[in-house]
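Got your viewer open and a selection tool ready? Let's take a short walk through this model, one stop at a time.

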Amino acid sequence: MRTDIARKGSQELSPGGDGGRIAIIAGYGRMPVEVAEAARADGRSPVIVALKGESDHDWSQFDSEIFCIGDLRGITGFMRRQGARRMILTGGVRHRPRLGDLRPTWRTIGQAGNVIRALSGAGDDKMLRIAIGLFEAEGFTVVGAHEVTPGLIAAPGAVGSVRPSAADLDDIAIARDAALALGNLDIGQGAVAVGGRVVALEGPEGTDGMLLRVRELRAAGRISRRHAGVLVKMCKPTQDMRADLPSIGPGTVESVTEAGLAGVAIEVGRALILDREATIAAADAAGVFIVGIDAREDLS
């Protein structure tokens with residue numbers, strides 16, 4: 001059903017719709033590129049707002065400009081000049097804006113206090129909700145990346161040639177519950193379970209940083225070498241799906257392999273597989289499984 005919703009969203013963003021151009025707020029990673037290419041292939045002409053110090057792609061082939069993450073005045077002015085009324089928040093953000101970088105508009109200056117307070121203590125999900133609210137106050141419609149790239153959404157079951165074992169499924173169930181509990185605290189989206197116990201939870205270091213920690217712990221003998229274990233990435237239970245959906249790509253497969261894990265499970269309908277063909281090929285070559293699971297699915 002979620003795929004149907006995503007497809008409907010994509011149709012509403014079609015060239016014949018009333019959405020005009022679409023702006024992509026681009027952080028780091030592959031996702032902004034895939035979203036931009038999908039939008040252009042669908043006949044739209046996306047506008048790129050590349051976040052300074054975050055975006056790691058050459059956007060010279062698109063209408064683009066670089067802005068500090070806190071420059072709401074500059075970003076919204078640029079999008080209006082480019083005729084964009086809808087926007088997507090996509091890609092990773094390593095750094096929160098500094099107070100000196102904040103440039104609110106007249107419409108949002110009254111919310112500056114909330115932004116300043118959130119900078120010091122709010123989780124990522126709360127920060128994203130505040131950001132969405134600021135753009136909506138400026139009259140923009142924020143849509144999810146999955147609405148433009150529905151083909152990237154995780155489907156039920158395994159993809160590729162590798163399947164999880166019964167022991168892997170037990171670890172998946174344990175790591176899934178841990179990831180959901182972590183998400184309820186607005187801390188992270190991922191967890192690793194090895195041999196029936198949780199050994200790592202995702203924090204500000206992100207998934208790759210967590211997997212590096214697992215790799216180091218295993219090398220030091222702090223994690224069992226007899227059991228492979230799994231990575232599970234779940235959407236935060238109360239997360240706004242218009243931003244920061246869990247995603248995996250070839251780099252995730254590489255990190256999972258280096259950490260000695262058997263595979264990765266991601267949430268059906270609420271997570272993305274980037275560079276899908278390359279990701280599946282890398283997983284098959286490494287003997288690693290990728291499987292889509294539901295938040296309430298019985299995995300026994």
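Predicted model: local features only at pLDDT ≥ 70, side-chain atom pairs only at ≥ 80, totals over all residues.

Residues are numbered from 1 along each chain as its sequence is written, and side-chain values use heavy atoms, with hydrogens and water left out.

**Stop one: I293**

Select I293, which you'll find in strand β13, residues 289-293. (Strands are DSSP runs of E, at least two residues, and helices are runs of H or I, at least four, numbered from the N terminus.) Is I293 buried or exposed? It's buried, because its relative accessibility is 2%; buried means under 20% relative accessible area, exposed over 50%, and partly exposed in between, using a 1.4 Å probe and protein chains only.

Now show what I293 touches, skipping residues up to four places away in sequence: I172, R176, V232, M234, A265, I266, E267, V268 and L299. Contact here means heavy atoms within 4.5 Å.

**Stop two: the cysteines**

Next, pick C68 and C235. C68 is partly exposed at 26% relative accessible area, whereas C235 is buried at 2%. How many disulfides does a search of the whole structure find? The count is 0, a disulfide being a pair of cysteine sulfur atoms within 2.5 Å.

**Stop three: charged pairs**

Side chains of opposite charge can pair when their charged atoms come close. The whole structure has 13 salt bridges, each a side-chain nitrogen of Lys or Arg within 4 Å of a carboxyl oxygen of Asp or Glu.

Select D63 and R21, whose closest N and O atoms are 2.7 Å apart in a salt bridge. This pair links distant parts of the chain, with D63 in strand β3 (63-67) and R21 in strand β1 (21-26), 42 residues apart.

Hop over to D186 and K236, a salt bridge at 2.6 Å, N to O. D186 sits in the loop between α7 and β7, and K236 in the loop between β9 and β10, so the pair ties together parts 50 residues apart in sequence. Both D186 and K236 are buried.

Finally, select R30, E34, E37 and D275, which salt bridges with shared partners join into one network. Within it, E34 pairs with R30 at 3.6 Å between the closest N and O atoms; E34 is buried at 11%, and R30 is partly exposed at 35%.
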